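Reader: I would like to learn how to read a model of this kind one feature at a time. Could we take each feature as a general idea and then turn to the case at hand?

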Amino acid sequence: LEIGALPVAEWYDHQATVPRVLNYGTAAAWAFARRAAFGGFSPNGKTNPLNHMGGSNDNRWTTDAASPGQTDTILALTRQGLEEGAIGIGTPNGYLTGTGLKELSLVCDLAVEFDRPTYTHIAYMANIDPKSSVESYIRLIGLAGATGAHMHICHLNSTSLQDIDRAVEIIAKAQAQGLHVTTEAYPYGTGSTVVGAPFFADPEFTKRTGSDYSDIELVKNQHRFTDRDDIMRAAHEEPTDLVMWHYLDIDVNAEHRRMLDASVTYPGGSIASDAMPWVRPDGSIYEGTEWPLPPELSSHPRSSGTFTKFLRDFTRERAVLPLVEALAKCTIYPASVIERCTPQIARKARLRAGFDADITIFELASVTDRATFTDMNRPAEGVVHLLIGGTLVIADGQLDTAAAPGQAIRCPRT
């Protein structure tokens, strides 16, 4: 949802040809509409969206303000995605930092017209002004107030870096005033993105973020960068290579652990994995369906362990949250983000007679993540049964590799 896809109809048509264990859906990719408007690019709904986030030496679509004509094209392509059933608009503003507020306000107007959320990666990530994470949240909240758009903040934990306390204060104040702002987090002090992300190129990156370049690690080979020149070389060679950014050291630093907890336990906030694709040793994205996953594949461990880690750590072991609240963060809270515009969701995330049987049955005493930053694709444990639309996908702890009951989640087409 944060990035989305274009063309949306082509994306849904392609996904329908692939065996899907879980239900699936997408937002309209404002970023790809922008790239198309700047010229030399045609989005492909069959291509993994991350592959569209790089692969060009012309980066004007990320760094420059759009002309009036380009803005018209951006809005037209995004509108087409909404008309084709997209679940809102993906607005990864942090990767398109040249975008002006006028353009963003028009994108938000479009979201309001269709009554669908925007899913925003905030514009800036830094602990200090100017262009701080806090400034970005204030921009986003201002857009919610000025346009009436539902602004959903993606991964509150990682985009806030080490200024989480002020970020949650500001978001809570916006919500108390009735602004439609929602958020999510995942239970790791490590983020993941592409090596070509523009914030790594900032000459003052270490001063502004509190991280060293050695905190950034290539997923495909676990290389830790030594300095700005090292990461710039990697970004030039393969800008879409995945990296992990270890911005909090929660295992040894109690203050870092407290900050992460503040984002994960934010009242009403969802748990969302921000799962990254699996990649081969050469960095290319794996599109296969083998199970267990081939041992050479890697990704951020959140792609395997987010929800089981959350239940193990925050409920069973540390008792930070009661079980009912933890389950709400994994079910009804995320459903509430999209149910206004997606009628199918009104029959999900609730255990009621006649509702869709999307049900996870787990042992709280044993549910756990097993993926680590060195063994990234180890499967989680403790889920006894999993039903999707009434079809058993996991039975007695074993995945049925032939089961593919996943259905498209989609807004009504116009």
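This is a predicted model: local features need pLDDT of at least 70, side-chain atom pairs count only at pLDDT 80 or more; totals for chains, interfaces and linings use all residues.

Reader: Which residues take a positive phi in the hairpins of β11 with β12 and of β12 with β13?

Author: Begin with the pairing and then look at the turn. Strand β11 (residues 383–388) and strand β12 (residues 391–395) pair in the antiparallel sense over three bridges, with Leu 387 standing opposite Leu 392 of β12. Two residues lie between these strands, and in this hairpin Gly 389 takes a positive phi near 60 degrees. On its other pairing, β12 is joined by two bridges to strand β13 (residues 398–399), again running antiparallel, and here Ala 395 stands opposite Gln 398 of β13. That hairpin also has two residues between its strands, and Asp 396 takes a positive phi near 55 degrees.

Reader: Where are the cis peptide bonds that involve Pro 7 and Pro 130?

Author: In general, most peptide bonds are trans. The bond from Leu 6 to Pro 7 is cis, with omega near -20 degrees, and Pro 7 lies in the segment before α1 (8–15). A cis peptide bond also joins Asp 129 and Pro 130, where omega is about -5 degrees, and Pro 130 has its place in the loop between β3 (118–120) and α6 (133–147).

Reader: What is the order of the strands in the open sheet of six strands, and is their pairing parallel or antiparallel?

Author: The six strands follow the order β1-β2-β3-β4-β5-β9, with parallel pairing. The edges are β1 (28–29) and β9, and each has a single partner strand, so one side of each is left without a neighbour in the sheet. Within this sheet, three bridges join strand β2 (residues 89–91) to β3 in the parallel sense, and Gly 90 stands opposite Tyr 119 of β3.

Reader: Which strands stand at the edges of the open sheet of three strands?

Author: This sheet has the order β6-β8-β7, with antiparallel pairing. The edge strands are β6 (190–194) and β7 (216–218), each with a single partner strand, so one side of each has no neighbour in the sheet. The twist averages 30 degrees from one strand to the next. Three bridges join β7 to the antiparallel strand β8 (residues 242–246), and the bridge partner of Glu 217 in β8 is Met 244.

Reader: At what angle do the axes of helix α11 and helix α12 cross?

Author: A helix pair is described by how its axes approach and cross. The axes of α11 (residues 254–264) and α12 (residues 302–317) come within 13 Å and cross at roughly 110 degrees, and the two helices are therefore roughly perpendicular to each other. Their contact is made by Arg 257, Asp 261 and Val 264 of α11 together with Phe 310, Asp 313 and Phe 314 of α12. These residues divide into three nonpolar, no polar and three charged.

Reader: How many residues does the largest nonpolar core have?

Author: In soluble globular proteins, nonpolar side chains tend to be buried together. The largest nonpolar core here has 102 residues, and those with the most contacts inside it include Phe 32, Trp 245 and Phe 310. Leaving out residues up to four places away in sequence, Phe 310 touches several residues, among them Pro 187, Val 264, Ile 271 and Leu 321.

Reader: Is Thr 306 buried or exposed?

Author: Thr 306, which is found in helix α12, counts as buried at 2% relative accessibility. Apart from its neighbours within four places in sequence, Thr 306 is in contact with residues including Tyr 186, Pro 187, Ile 271 and Ser 273.

Note on methods: Residues are numbered from 1 along each chain as its sequence is written. Side-chain values use heavy atoms; hydrogens and water are left out. Axes are lines fitted to C-alpha atoms, for helices over the stretch in contact, and angles run from 0 to 180 degrees between N-to-C directions. Helices (H or I, at least four residues) and strands (E, at least two) are DSSP runs, numbered from the N terminus. Angles under 35 degrees count as roughly parallel, over 145 as roughly antiparallel, 65 to 115 as roughly perpendicular and the rest as oblique. Contact means heavy atoms within 4.5 Å. Ala, Val, Leu, Ile, Met, Phe, Trp, Tyr, Cys and Pro count as nonpolar, Asp, Glu, Lys and Arg as charged, and the others, Gly among them, as polar. A nonpolar core is a set of buried Ala, Val, Leu, Ile, Met, Phe, Trp, Tyr and Cys residues joined through side-chain atoms within 4.5 Å. Buried means under 20% relative accessible area, exposed over 50%, partly exposed in between (1.4 Å probe, protein chains only). Two strands pair if DSSP finds at least two bridges between them.
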